[in-house]
Amino acid sequence: MKTVGPATGSAAPVRLTSYARGGGCACKIPPGELEAMVAGLLPPLSPGQTLGPGQTPSPGQALDGHEDRLLVGLDDGDDAAVVRTGDGTAVVSTADFFTPVVDDARDWGRIAAANALSDVYAMGGRPLVGLNLLGWPRDVLPAELAGEVLAGALDVARAAGCLVGGGHSIDSPEPLYGMAVTGLVDPDRLLRNDAGRPGVPLTLTKPLGVGILNNRHKRTGEVFTHAVAVMAALNDMASAAALEAGAVCATDVTGFGLLGHLHKLARASRVTAVVDAAAVPVLDGARESLRAGYVSGGTRRNLDWVRPHLDAGRASEDQLQLLADAQTSGGLLVAGEIPGHPVIGELVPAVAGATLVIR
C-alpha cells in the first residue's frame, strides 16, 4: 500500500479502494442492463432476413456499402471491434477502465493495463498503441498517486511491446483508470465468441477467485500478492497458443464471471457449454473467503443473470458463486485445448432452455 499523504499534505496510508463504491471489473454495469441499453443501437433486419435464437442483426448492415469492413461489432458483445483495412490485415479497437481494484497505485495501473490489453489478445491480435483514460478526484487524492498509476500501466504496456501515446484525463468524483487500445489481427485467424462448435473442449488460462479476494482486500486491507500477480499477467502467450492450436473461438473472463462470459459465447455460437466444476482452477484462499462472505454485488448479479439459462445440476450455491465471480483481468476462455492449461468442459449441441450445464 502506497504511503503518500492525501491532498492536505499529512502523511498517511492511502487506501485507493475506499474511494470507490465498486472495484475493478466488478463495477461493470450488469450484463442484462447493458444488453438492454445497447439494443436500440442495432439496425432493423433487412427485408426477408431471419435470425436464429440469441442472434442480433449486425451493425454493419447500416454502413452504406461498407458493411464488409466491420468484421466484429455490437452483434454478440465480443471483446473488441475488428475492422478490415483492405491490405490483408484488420484493426482491433477496444477500451476498458474501472475504479481501483487494489490499494497500491502502481499495481492498479499494471492490472488495468493488462486488462485492457487482454481484449486485443482475446481476439487473436497484438496491441500496437494504448491511450490512457484517467479520472481523478484532484481535490481529494494527490497527483503523485495518479503518476504511480500511469507508471504501472506503462510498465505492463512496455512488456507487451505496446506503445503508450498520451490519452485523456478528467476531474472525477471517483478515481478511474484504463486504456483505449488499438492493435492488429489477421482477419482470417480471428478468435471470436460466435465461432464455437459442438465437440470442442473448453480451456481456461487463469484461475478464478480474484473477485472474491479483491472484495476481501477492499473490506479488510489484507493484501493477496498472488492475486495481484495473476491480474497483472498478460494474456499474450495464451492467445498465441490458442492460435497455434487452431482455435477460432475465445473470449476473456472479466466482470461477468466465467458463467456470464461462457453464456454469451454459447448463445452467440448457438451451442450449450458443459462445465466440469471440479476442473476449474481456483486461487488459494478464494473458497475460504467466499465462505466468510466476501462476495461482491457484481458476482451476485452475474449469477442472477445466467440462472434462467443454467442447468446447475448438483452444484452448490458456493460453487455457483465462484463460477460467477466477477473477475478483473482474468484469463482467456478458449474453445480448444491449450497445452499447459486445464480443460474445464466442452461445447455440445444446443440443449433446449440451457446455454450452461454444470456437472
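1. Helix H7 crosses helix H9 in the left-handed sense, meaning that the near helix is turned anticlockwise from the far one by less than a right angle, clockwise being right-handed. The two helices pack with their axes 8 Å apart and at an angle of about 35 degrees. Axes here are lines fitted to C-alpha atoms, for helices over the stretch in contact, with angles from 0 to 180 degrees between N-to-C directions. H7 contributes Gly257, Leu259, Gly260, His263, Lys264 and Arg267 to the contact, and H9 contributes Asn302, Leu303, Trp305 and Val306; contact means heavy atoms within 4.5 Å. Helices (H or I, at least four residues) and strands (E, at least two) are DSSP runs, numbered from the N terminus.

2. On the basis of the note: this is a predicted model, in which local features need pLDDT of at least 70 and side-chain atom pairs count only at pLDDT 80 or more, while totals for chains, interfaces and linings use all residues. Residues are numbered from 1 along each chain as its sequence is written, and side-chain values use heavy atoms, with hydrogens and water left out.

3. An open sheet of 7 strands has the order S8-S11-S7-S12-S9-S13-S10, with mixed pairing; strands pair if DSSP finds at least two bridges between them. Its edges are strand S8 (250–252) and strand S10 (310–311), each of which pairs on one side only. Inside the sheet, strand S9 (residues 271–275) runs parallel to strand S13 (residues 356–358), with 3 bridges. Ala273 has Leu356 of S13 as its bridge partner. Across S8 and strand S11 (332–335) lies helix H2 (residues 105–122), at about 175 degrees to S8.

4. The whole structure holds 2 aromatic pairs, where the rings of Phe, Tyr and Trp (its six-membered ring) must have centres within 6.5 Å; planes under 30 degrees apart count as stacked, over 60 as edge-to-face and the rest as tilted. Trp108 and Tyr177 are edge-to-face, because their ring planes stand at 85 degrees, with the centres 6.5 Å apart. This pair links distant parts of the chain, with Trp108 in H2 and Tyr177 in strand S6 (residues 176–185), 69 residues apart. Trp108 is buried at a relative accessible area of 0%, and Tyr177 is buried at 0% as well. Buried means under 20% relative accessible area, exposed over 50%, and partly exposed in between (1.4 Å probe, protein chains only).

5. Phe256 and Trp305 make a tilted pair, with 6.3 Å between centres and 55 degrees between planes. Phe256 sits in the loop between S8 and helix H7 (257–269) and Trp305 in helix H9 (residues 297–306), so the pair ties together parts 49 residues apart in sequence. Phe256 is buried at 5%, and Trp305 is buried at 14%.

6. The largest nonpolar core has 47 residues, and Trp108 and Trp136 have the most contacts inside it. Such a core is a set of buried Ala, Val, Leu, Ile, Met, Phe, Trp, Tyr and Cys residues joined through side-chain atoms within 4.5 Å. Among the elements that supply at least two residues each are strand S4 (126–136), helix H3 (143–159) and S6. H2 gives the most, with 10 residues. Beyond its neighbours within four places in sequence, Trp108 has contacts that include Leu16, Phe98, Val102, Trp136, Val149 and Tyr177. A second, separate core has 31 residues, including Leu262, Val306, Leu323 and Leu333.

7. In helix H5, the residues Ala227, Val228, Val230, Met231 and Ala232 are buried, and their cover includes H2, H3 and H4. H4 buries Val210, Gly211, Ile212, Leu213, Asn214, Asn215 and His217. H5, helix H8 (286–291) and helix H10 (317–323) are among the elements covering these H4 residues.

8. Strand S2 (residues 81–84) pairs antiparallel with S3 through 4 bridges, and Val82 has Val92 of S3 as its bridge partner. Their hairpin has 5 residues between the strands, and in it Gly86 takes a positive phi near 100 degrees.

9. Leu150, in helix H3, is partly exposed, with a relative accessible area of 29%. Leaving out residues up to four places away in sequence, Leu150 touches Asn132 and Tyr177. From Leu150 to Ala112 the C-alpha separation is 9.9 Å, at 38 residues apart in sequence.
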